[in-house]
Amino acid sequence: MKLAVALLVLSVMVGEVFGQVRVVVSVTDSTRRPFMETFSGRLYHKNLQAMVSFGTSKTGVLSLKVADLDIDSSKLCISADGYLADTVLLLQRHVLGDSLHLSAQLLPIPPSTLPSATVTAPAVWKRGDTTFYNVEKHLGPGDTKLKDLVKKLPDFRLDQNGVLHFKNKPVEKIMIEGEEVFADKLELMLNSFPTHVLDQVQALENQNDNRLLTGLKDEEKVFVNLKLKKKYLATAFGDLAVGADTKARYILNPVLFTLAGKVKIGAIVNANTVGTGTTAEAYDEVKGKTAREYDNWTIQSAHIGSIANFESRRYIQNRLFDGRVNVLLPMSSKTKAKVEAYSIIDNLRQSANAVSTLLDSNGFITRSDSNRFLFSPTLYAISATVLHMPTPQKQFDFRLHYTTDRSRFRQDNVFSFSNRIGEESQASIRNKFGTLSASATHTHRVDKATALVTTVKALHSKGNQTIHTAADNLPAIFDLPTKYTRHQ
């Protein structure tokens, strides 16, 4: 019901003056019963030019005691929220002895119908450090994944390595309704998150990984937050891609999220044999920063070759299983935990042939190369994070991460020149690494300008790498005795 003010006005048109008078008004509702809601009365004289007295009541009767009241030139105004005015004048006939007895009726304001209005959100708008994108205004018919959508959003850019940028700054996290489900797995989110559930994409600038360091350092980071349509907030959502054709080629890509309960869950699986195998970005995401540091002192295998603007399914054979699960567990009002489990298993095969013309001292010769590659990345990882906030100024962050790498690589090469017999070589690498890292960080925000951060880290790693090479021309290269016809 809309609020309004109902005024009961009583006026006196004769100029007789009373020295002391009591004005009593009885107010009824639409059924002629006493009006039992709160109302107020204001007594004016001289044609409403000055207020003489004021009072409130919720008993249906209001009594005002007034001195020197001008009968027939005074008005009594009664107000109540949500009721129409009922005007009664103060007249000589209302006088009974030294009192004026009045009656009024307050009726509800009838509902009014406003013309319908349509509110249309703009395509892009900004508030503070956050830029909002209306997904409906940018989404095209074929934009099924987040990667397809962000390419069309102003100020967003995907570089040649698939890294997402906003205003030329790399995006650090992609959150869902503020929840960090797969937040740091950008390559996974871009390629897997469905767009049909999205209402907005929000770009948050000047962010910090540690909320207690806000205003002190590292505030140049950019996060992305995905806002869901309302109907997906209270239920599980996702999508499923399934396909199969001849030559044992298939694809299975289920994606499932649920943010409805206290426990937040995300699960993504990518299984296929269509040539879209493990990417370097996905491999690094699962390994984690600590385990990737070992790559600096280990021998790296050659990468499967790629051809620009040509579908990989036509020249790469693979058998990929990439499974990820992320669970957020609120342990209490001050403590929350996150558990993540990942596995990447693939079998990439490729054959490549090349013919080149070279110049030596005798003229131009032709060299032919034939290469067969086998790359079998096998990676498992599990991590756990516990965040405890005992007070608004203190925070404990505990992290545990374990990774095991059992990847294999093999390359067989045959090359020959036009004037000599062909030669063969083989190379293989087998990894057997295990890395366990743990860290504990305590942050104490002392005041607006000071924060104390204490971090303790521990690392345990064990593993080995087996490398095997064989070639017909190694004896000549290393000037070995003739009995070494082949060296391994």
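Start with the charges: 15 salt bridges are found in this structure. A salt bridge here is a side-chain nitrogen of Lys or Arg within 4 Å of a carboxyl oxygen of Asp or Glu. The model is predicted, so local features need pLDDT of at least 70 and side-chain atom pairs count only at pLDDT 80 or more, while totals for chains, interfaces and linings use all residues. Residues are numbered from 1 along each chain as its sequence is written, and side-chain values use heavy atoms, with hydrogens and water left out.

**Stop 1: K167 and E205.** Select both. They form a salt bridge, with the closest N and O atoms 3.4 Å apart. K167 sits in the loop between β12 (164-166) and β13 (169-176), and E205 in strand β14 (residues 198-207), so the pair ties together parts that are 38 residues apart in sequence. Strands (E, at least two residues) are DSSP runs, numbered from the N terminus. K167 is partly exposed, at 37% relative accessible area. E205 is buried, at 15%. Buried means under 20% relative accessible area, exposed over 50%, and partly exposed in between (1.4 Å probe, protein chains only).

**Stop 2: D209 and K173.** Their closest N and O atoms are 3.3 Å apart, in another salt bridge. D209 is in the loop between β14 and β15 (221-228), and K173 is in strand β13, so this pair links parts 36 residues apart in sequence. Which of the two is buried? K173 is, at 12% relative accessibility; D209 is partly exposed, at 42%.

**Stop 3: D369 and R367.** Select this pair next. Their side chains meet in a salt bridge of 2.8 Å, N to O. D369 counts as buried at 16% relative accessibility. R367 counts as partly exposed at 22%. Now go back to D209 and K173: salt bridges that share partners join them with E180 and K221 into one network.

**Stop 4: R406.** Where is R406? Look in the loop between β24 (394-405) and β25 (408-417). R406 is partly exposed, with a relative accessible area of 34%. Leaving aside neighbours within four places in sequence, R406 is in contact (heavy atoms within 4.5 Å) with S376, T378, N431, K432 and F433.

**Stop 5: L400.** L400 lies in strand β24. L400 is partly exposed, at 44% relative accessible area.

**Last view: the whole chain.** Zoom out. Of the 488 residues, 40% count as buried.

Key:
Helix = DSSP H or I, 4+ residues; strand = E, 2+ residues; numbered from the N terminus.
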